[in-house]
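The sequence and the structure are shown first.

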Amino acid sequence: MGALEGKFALVTGSGRGIGEATAHKLAAAGARVVINDLDADVAREVAASIPGAIALPADLTDPAAADELIDATLAHFGGLDIVVNNAGYIWHSAIHNMSDAQWDAMIDIHASAQFRILRAYGRWLRGNADRDTPVRKVVNISSTMGLHGGATQLAYAAGKAAVVGMTRSLAKEWGRFNVTVNAVAFGAIETRLTSPYEREPNISVVNGQPRKVGLSHEQIEMAKQASPLGRLGTVQDAANAIYLMCAPESDWITGEVLLASGGVRS
Ligand SMILES: NC(=O)c1ccc[n+]([C@@H]2O[C@H](COP(=O)([O-])OP(=O)(O)OC[C@H]3O[C@@H](n4cnc5c(N)ncnc54)[C@H](O)[C@@H]3O)[C@@H](O)[C@H]2O)c1
């Protein structure tokens, strides 16, 4: 029997990348999983590939989306034991070129969207959890940028630092519901966000506008060299780190930020 048998999990942004790998990992351990993504087609494809999974596509920057997503999850499964707040993307530039829209977009997806998901979940927890109910898990995805900052990453770093603040606050607030709340801060993981700029389809949709994501070859090389392990993380590496915070072995760990960066500490 898998360690997560009988658990219900929501992974946001699980249509591709780290979220998709995490959904597969949690399902392989026995959980039934909700696949959420902005891109409905990829969400449905991933859900179709995982036994017992359902797709609930939604743009989490829509202020109504979080309540609808949590309500639909609870209506389908009747409970929710694991929430992985993963949806996000990077939009970088030096501060003098950074528009208000760019700042708002980074805070919106990384801070406000997570806040609304957690608030919606908290409203359900209040009537359905106490110190004696089985341990539930929240895992919020941050970044080394949120801990250490990075040139041209000001808005993204601010959003990812907010994730850490929310994590530490809720760990204190939700102990009485027997919910552990931890963050995983990733270094560079191989997804479309870290693949070479030139490679198609490096397209992310922000407010209905297509745009490029990715890194230059030089940035990718520098990220590899910064790690004592000499490589970027794979999505399986990332999913494994998230899984640690969902597994029963981490039941006494809460309010922590797990640095999963291949040894990069700055
Ligand atoms: N890849 C890295 O190096 C890295 C490093 C540190 C942190 N992270 C974080 O990990 C998370 C996952 O990133 P990834 O690398 O797997 O990227 P990805 O682009 O491969 O996957 C992210 C998914 O989130 C979805 N998404 C984006 N905005 C959304 C919205 N408004 N509503 C619903 N879904 C939305 C996208 O459609 C996409 O499928 C992000 O929060 C990212 O900031 C990534």
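T167 lies in helix α6, which spans residues 154–173. The model is a predicted one. T167 has a relative accessible area of 0% and is therefore buried, a class that requires a value under 20%. Apart from neighbours within four places in sequence, T167 is in contact with N140, V181, N182, A183, G255 and E256.

K160 is also placed in helix α6. The relative accessible area of K160 is 3%, so this lysine counts as buried. When residues up to four places away in sequence are not counted, K160 touches H110, I141, S142, S143 and G146.

T144 is found in helix α5, which covers residues 144–148. With a relative accessible area of 9%, T144 is buried. Its contacts, not counting residues up to four places away in sequence, are G149, A185, F186, G187, L259 and S261.

P228 occupies the loop between α7 (217–226) and α8 (235–246). Is P228 buried or exposed? It counts as exposed, because its relative accessibility of 64% is over the 50% cut-off. Leaving aside neighbours within four places in sequence, P228 is in contact with G262, G263 and V264. P228 and S261 are separated by 33 residues in sequence and by 9.8 Å in space, C-alpha to C-alpha.

| Residue | Relative accessible area | Class |
|---|---|---|
| T167 | 0% | buried |
| K160 | 3% | buried |
| T144 | 9% | buried |
| P228 | 64% | exposed |

The chain contains eight helices and nine strands. Seven of the strands form an open sheet with parallel pairing, in the order β3-β2-β1-β4-β5-β6-β9. At the edges stand β3 (54–55) and β9 (257–260); each has a single partner strand, so one side of each is left without a neighbour in the sheet.

Strand β1 comprises residues 8–11, and both of its faces are covered. F8 and L10 on one side are buried, as are A9 and V11 on the other. Strand β1 runs parallel to strand β2 (residues 32–35), and four bridges join the two. In this pairing A9 stands opposite V33 of β2. Together with helix α1 (residues 17–28), β1 and β2 make a right-handed β-α-β unit. Strand β1 also pairs with β4 in the parallel sense, over three bridges. Here A9 stands opposite I82 of β4.

Further along the sheet, strand β5 (residues 136–143) runs parallel to strand β6 (residues 179–186), and the two are joined by eight bridges. S142 has A185 in β6 as its bridge partner. As noted above, S142 is also among the residues touched by K160, and A185 is among those touched by T144.

How many residues of β6 are buried? Eight of the eight are, so this strand is largely enclosed by the rest of the structure. V179, V181, A183 and A185 point one way from β6, whereas T180, N182, V184 and F186 point the other way, and all are buried. Strand β6 pairs with β9 in the parallel sense over four bridges. In that pairing A183 stands opposite V257 of β9.

Helix α4 (residues 100–128) lies across β4 (82–85), β5 and β6. The helix runs at about 170° to β5.

## The chain as a whole

Of the 266 residues, 52% count as buried. Among contacts with a separation of 6 or more, residues 24 or more positions apart account for 66%. The accessible surface comes to about 12100 Å², and 54% of that area belongs to carbon and sulfur atoms.

Along the principal axes, the C-alpha atoms fill a box of roughly 50 × 35 × 35 Å.

Definitions and conventions:
Residues numbered from 1 in each chain as written. Predicted model: local features only at pLDDT ≥ 70, side-chain atom pairs only at ≥ 80, totals over all residues. Heavy atoms only, no water. Pairing = 2+ DSSP bridges. Contact = heavy atoms within 4.5 Å. Axes fitted to C-alpha atoms, helices over the stretch in contact; angles between N-to-C directions. Buried < 20%, exposed > 50% of the residue type's maximum accessible area, 1.4 Å probe, protein only. Areas by Shrake-Rupley, 256 points an atom, 1.4 Å probe, with all protein chains shown as cover. Right-handed = clockwise from strand over helix to strand, strands pointing away.
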